[in-house]
Protein chains: 2
Amino acid sequence: MIYLDHAATTKPLKNVLATYHQIASKHFANPSSPHHLGESSEDIILAAKKIWCDYFNIPAHGIIFTSGGTESNYLLIKTLLFQQRQNEAVHIIATTVEHASLYETLKILKRRSDISVTFLQPEKNGKISRNQLVQALKPTTKLITIQTTNSETGIQQDIKMIGAFAQEHKLFFHTDAVQAFGKCNLAHIFDHADAVSISAHKIHGVKGIGALLIKHPENLAKPFYAGSQFGFKQGTIDPALIASFAVATDDYISHEKTRLDQLKMCRRYFIEQLQAAQLPLTIINRENEQSHIIACLCDNVSGDLIQQALNRQQIYVSTKSACQSHSSGPLRSLAPLFGDNQHHHFLRISCGYFTSLEDLDQVIKLLTKHLRK
Amino acid sequence: MIYLDHAATTKPLKNVLATYHQIASKHFANPSSPHHLGESSEDIILAAKKIWCDYFNIPAHGIIFTSGGTESNYLLIKTLLFQQRQNEAVHIIATTVEHASLYETLKILKRRSDISVTFLQPEKNGKISRNQLVQALKPTTKLITIQTTNSETGIQQDIKMIGAFAQEHKLFFHTDAVQAFGKCNLAHIFDHADAVSISAHKIHGVKGIGALLIKHPENLAKPFYAGSQFGFKQGTIDPALIASFAVATDDYISHEKTRLDQLKMCRRYFIEQLQAAQLPLTIINRENEQSHIIACLCDNVSGDLIQQALNRQQIYVSTKSACQSHSSGPLRSLAPLFGDNQHHHFLRISCGYFTSLEDLDQVIKLLTKHLRK
């Protein structure tokens with residue numbers, strides 16, 4: 001089996017699962033319970049937080065645990081709208097290429113008379129320009145939410161430029177970094193962004209745990225009575241999921257250079273081999289070196305056909321992001337680059353820390369066989 | 001250690017954790033991924049659903065997995081509000097004793113000009129009466145959301161009566177059964193309710209997984225593109241969490257009579273012993289035989305004092321629900337019974353399937369020592 005669908009999810013590390021198991025059996029109490037057993041759960045959560053505090057340079061009460069990237073994005077929107085004063089009109093700037101959790105939620109919110117949303121479609125190069133932000137800005141704009149890395153094309157937005165624009169206009173800037181965390185160095189992202197969404201299962205953690213990270217939580221009104229999540233979120237939080245997320249994060253951070261070099265090497269090697277084989281295939285976003293995603297258009301055949309051919313050989317790749325897999329329409333992420341009619345040709349190969357060049361050779365061999373037919 | 005805080009959370013069963021571990025290591029793929037590995041994840045989820053379909057007699061597409069009870073409750077409100085037509089006024093009937101996830105969310109929603117909420121305060125016996133529903137009803141009423149069992153007092157609402165009222169007036173009736181599932185037989189709850197929230201970690205499952213169960217999902221407009229959750233919910237779902245929830249549910253259902261008898265016996269025994277010892281302590285909701293919660297007021301001392309004294313002997317009980325533990329105000333659940341000034345005396349002992357009479361003897365001994373001082 002060769003797994004090349006790391007943008008969809010990753011295999012949990014052995015020590016991630018071991019930590020989960022150990023904590024779930026020994027420290028099962030509700031961290032909000034007032035007894036020793038509850039305190040021991042709470043202690044585990046506090047200790048786990050250190051890893052994100054140190055890496056991102058944010059306060060412990062700026063880490064709000066969620067069930068994953070989708071809920072982190074929801075929570076951001078919910079929290080920002082909670083700041084809205086009665087009858088205040090709020091304008092949000094987003095993009096057409098955001099993850100469905102933001103894109104569809106904002107589409108629904110837009111129906112409300114007090115909320116307006118501008119969905120910027122990236123320029124031909126897949127990126128949002130400063131000029132687009134300038135054009136979209138309104139006196140009522142409160143929030144910019146723009147992803148760090150797209151889950152289908154791997155295209156990265158210019159977070160530094162967007163952050164500078166937001167600071168200049170005193171706007172709150174959130175970035176969905178679910179596909180970026182663990183794939184590029186984000187240690188300085190809070191120089192630019194006010195809030196960041198991340199998820200454990202994209203970095204070899206387990207599913208069901210993620211976080212919304214907030215630089216200045218003290219500046220935000222909290223919707224709920226303070227609790228273990230400081231009034232930002234309700235619901236029982238789990239020391240086992242959180243500690244296992246910390247283990248996955250720690251594993252990445254401790255090996256950050258090695259991991260990123262490996263991804264870069266895989267990407268470079270694969271693209272070189274593709275070019276050497278002169279296959280009828282277009283590589284999207286080729287110049288970007290900082291992505292684990294190799295996004296392609298198969299020139300003459302459908303991506304599905306190739307994906308299924310690889311599937312039969314136990315090589316697992318995708319033709320769209322998993323969250324879009326039940327929709328058959330055009331891919332929003334491709335529209336800026338190719339319009340609405342290339343999605344049938346799309347193929348996504350996403351490498352992981354443990355992908356080997358031999359794995360990639362196998363894929364090239366099969367691609368050669370099927371694309372040359 | 002004697003753990004008597006089962007209303008806050010329960011210890012995961014060994015086979016629950018074993019299943020979690022096995023699935024998380026072997027079937028880690030995103031169930032929405034189009035390849036074999038993704039399909040195997042999806043197959044596990046489909047197989048797991050059978051347990052709830054059979055017990056509750058609901059269709060598979062009426063099971064929407066969430067991260068727990070809180071999110072199930074959110075999702076219900078979100079889904080119901082998605083049915084709202086443009087400019088349509090919507091009225092919701094709830095109670096003052098709902099879990100914070102519903103109570104505080106509805107408080108926030110109430111600020112919107114198109115949404116109104118009536119929070120019924122239960123009668124002196126802790127229950128909502130038909131007459132209260134009649135009084136609250138408006139032409140714009142769309143939803144009744146009333147809990148099955150209160151997490152602090154253990155008081156159960158008359159779901160049959162409320163369901164009949166809702167059917168009579170064509171209202172959608174949701175009940176938060178997070179504290180009821182596994183503590184009383186709910187096999188026929190869908191004769192009365194349209195939607196039910198449940199959570200795994202209250203029945204010896206792991207934290208981070210729950211469900212919103214819907215009787216007629218086909219009657220509801222879906223907010224999102226259809227996906228693995230039929231358009232009701234976004235986000236990656238986890239075969240490991242879901243399969244482990246199914247194991248916990250199966251364990252309960254296969255031993256339902258034994259489990260419920262055990263809870264009943266514990267409760268009866270404990271109350272008898274309390275009475276025999278003639279301790280200065282009032283038992284709330286004494287006549288209810290179907291609750292794992294023994295809710296008391298310590299007549300002359302604070303609940304905290306007793307809780308801490310037990311804590312020192314490694315006996316773990318609570319003085320409020322965990323979700324309220326960071327708030328120091330009156331308990332909403334006690335107000336109908338005693339007004340706003342008895343919460344300092346509150347003590348909650350919640351039994352589990354594996355609580356023994358010897359455990360309870362220990363508690364009685366310590367209560368006698370501390371209450372008789």
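**Charged side chains in a two-chain model**

Let me begin with a pair in chain B: B:Arg259 is buried, and B:Asp251 is buried as well. These two residues form a salt bridge, in which the closest N and O atoms are 2.8 Å apart. Please keep in mind throughout that this is a predicted model.

A second pair in chain B has another setting, and here B:Arg112 and B:Asp114 are joined by a salt bridge whose closest N and O atoms are 3.1 Å apart. B:Arg112 is partly exposed, with a relative accessible area of 21%, and B:Asp114 is likewise partly exposed, at 22%.

Turning to chain A, the side chains of A:Lys50 and A:Asp54 meet in a salt bridge, with 2.6 Å from N to O. Both residues belong to helix H2 of chain A, which covers residues 36-56, and they are four residues apart, about one turn of that helix. Also in chain A, a network of salt bridges links A:Arg85, A:Glu88 and A:Lys142. Over all chains, the structure holds 18 salt bridges.

Where in chain B is B:Lys207 placed? It sits in the loop between strand S7, residues 195-199, and strand S8, residues 210-214, of chain B. B:Lys207 is buried and yet has no salt bridge, and the nearest side chain of opposite charge, that of A:Asp238, is 4.6 Å away. Why does that pair not count as a salt bridge? The distance is 4.6 Å, whereas a salt bridge requires the side-chain nitrogen to be within 4 Å of a carboxyl oxygen.

Leaving aside neighbours within four places in sequence, the residues in contact with B:Lys207 come from both chains, including A:Phe28, A:Ala29, A:Thr236, A:Ile237 and A:Leu241 from chain A, and B:Thr9, B:His201 and B:Leu241 from chain B.

Finally, how are the two chains related? Chain B is superposed on chain A by a rotation of 180° with 0.0 Å of shift along its axis, and the RMSD is 0.0 Å. The two copies are therefore related as by a two-fold rotation axis. The same surface serves both copies, in that 100% of the contact residues of chain B recur in chain A.

Notes. Residues numbered from 1 in each chain as written. Chains lettered and ligands numbered in written order. Predicted model: local features only at pLDDT ≥ 70, side-chain atom pairs only at ≥ 80, totals over all residues. Heavy atoms only, no water. Least-squares fit on C-alpha atoms with pLDDT ≥ 70 in both. Contact = heavy atoms within 4.5 Å. Helix = DSSP H or I, 4+ residues; strand = E, 2+ residues; numbered from the N terminus. Buried < 20%, exposed > 50% of the residue type's maximum accessible area, 1.4 Å probe, protein only. Lys, Arg positive; Asp, Glu negative; His and termini not counted.
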